[in-house]
Amino acid sequence: MTRARDTADLLTFAPTEQAAESDNALPLIHNGAMMVSQRGTSFASLSSGANYTLDRYMFAVNEGTFTVTQHSDGPTGSGFKKCLKVDCTTADASLTSDGAINIVQRQEGQNLQSMRKGYSDAKKVTWAFWVKTNKTGNYVAELKDHNNTRTVGQVFSVSSADTWEKKVLVFPADTSTSDKFDDDNNKSLSCTIWLAAGTNYTSGTLDTTWADETTANRAAGLNVNIADSTDNEFLTTGWQLEIGEYTATTIPPFQHVNMAGDLMRCFRYFEAHAKGNDQLIGLGGMYTGSHYDCVINTIAEKRTTATLEVPDATNYFQIRIDNEVKTGDTIDTIGGRSFFKRQHLQITSHIPAGISQGENGLLATNNASSYVYVKSEL
């Protein structure tokens, strides 16, 4: 190859204009393709509270009853094979004033510093996602700054029933110098899609520029109620948050992180350490006659000091000691000696009968519905 030929090839294959590229080495949104769901694939009878479902996604509800699933559907040709599906199973056509149903993902402040929020050179951000629903009308997408209690929202319309539609929403920069995101591992930003809201949230005027939170403004413009019929369902996938202002044609391509990469990012917030019957948890021993210690290694360092979620039901756990299986009901807590990727599990008030100080044995699950979850969600 000659230098002239190399130069000609470069000119031939060079793009006529620079392709849009994400400012982020990794997506700001975790699990945007909805591929990871460690807790399970179906979450039924959700009628109250903030419920984590697919990894990193919270379904908050206080009206009606719903099933949330990891559903096999996505826009044709998009590369998305999974979505989060909300299905109304018990209707509530008349919302109370404080009724609220939404899908939320929260972000750490230290991951958002490139937004430059609270500085004179603050950046606009673009939030893109796909939706499919039988319930046409106006919905609200909201960004909430938890450090400074500020919000900004946009109405988006679903015009075609049961059809995948891509929404690309640009949110303004916030140059208010007293309203920076904290540079730490705590909750700073929520990305929220409102599916229903009572008058407490809809009676004002939507803040389409960043403003101190006013409850009445948060979902103003929303004119649908996903809870008003058991025929209703709402599907979403492809959540993408980009620094900068983009249109549907200029937004950077969705970064399809492979399954292993997305799972590893989710482990920072939640890890299903054991799930199902006769699953090994770890090796431990009796510190006293009424105190069992077990150390487990988690795959990823958690965002902050982890907490333990386990069931408390008859004989859901076992300790294998001296060629016998000793069954107990639960694991009491994560102890204070936990550090980074080491978690110190303790059983103190639910010691199985027949175990003495100094004995060592394997801790395992003992029921198909048993599990050990280690979590540090935002």
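How many cavities of 30 Å³ or more does a search of the whole structure find? The search finds three. The structure is a predicted model.

**The largest cavity**

- The space in the largest cavity comes to about 130 Å³.
- Its lining is made up of 17 residues.
- Among these lining residues, Pro27, Ile29, Trp239, Phe254 and Gln255 lie nearest the centre of the cavity.
- Two or more lining residues come from each of the elements β13 (233-243) and α3 (259-267).
- The element that gives the most to the lining is β13, with four residues.
- Sorted by class, the lining has eight nonpolar residues, six polar residues and three charged residues.

- Gln107 sits in strand β6, which covers residues 100-108.
- Gln107 has a relative accessible area of 1%, and because buried means under 20%, Gln107 counts as buried.

**Gln107: contacts**

- Leaving aside neighbours within four places in sequence, Gln107 is in contact with Leu28, Ile29 and His30, with Leu112, with Asn186, Lys187, Ser188 and Leu189, and with Leu378.
- Leu378 is 271 residues from Gln107 along the chain, yet the C-alpha atoms of the two are separated by 7.4 Å.
- The side chains of Gln107 and Gln105 are joined by a polar contact of 2.7 Å.

How values were computed: Residues numbered from 1 in each chain as written. Predicted model: local features only at pLDDT ≥ 70, side-chain atom pairs only at ≥ 80, totals over all residues. Heavy atoms only, no water. 1 Å grid on protein atoms, 1.4 Å probe; cavity = no way out; pocket = protein on both sides within 12 Å on 5 of 7 lines; lining within 4 Å. Points joined across faces, edges and corners; volume = space filled by probe spheres on them. Nonpolar A, V, L, I, M, F, W, Y, C, P; charged D, E, K, R; others polar. Buried < 20%, exposed > 50% of the residue type's maximum accessible area, 1.4 Å probe, protein only. Contact = heavy atoms within 4.5 Å. Polar contact = N/O pair within 3.5 Å; in protein donor to acceptor, adjacent residues only side chain to side chain.
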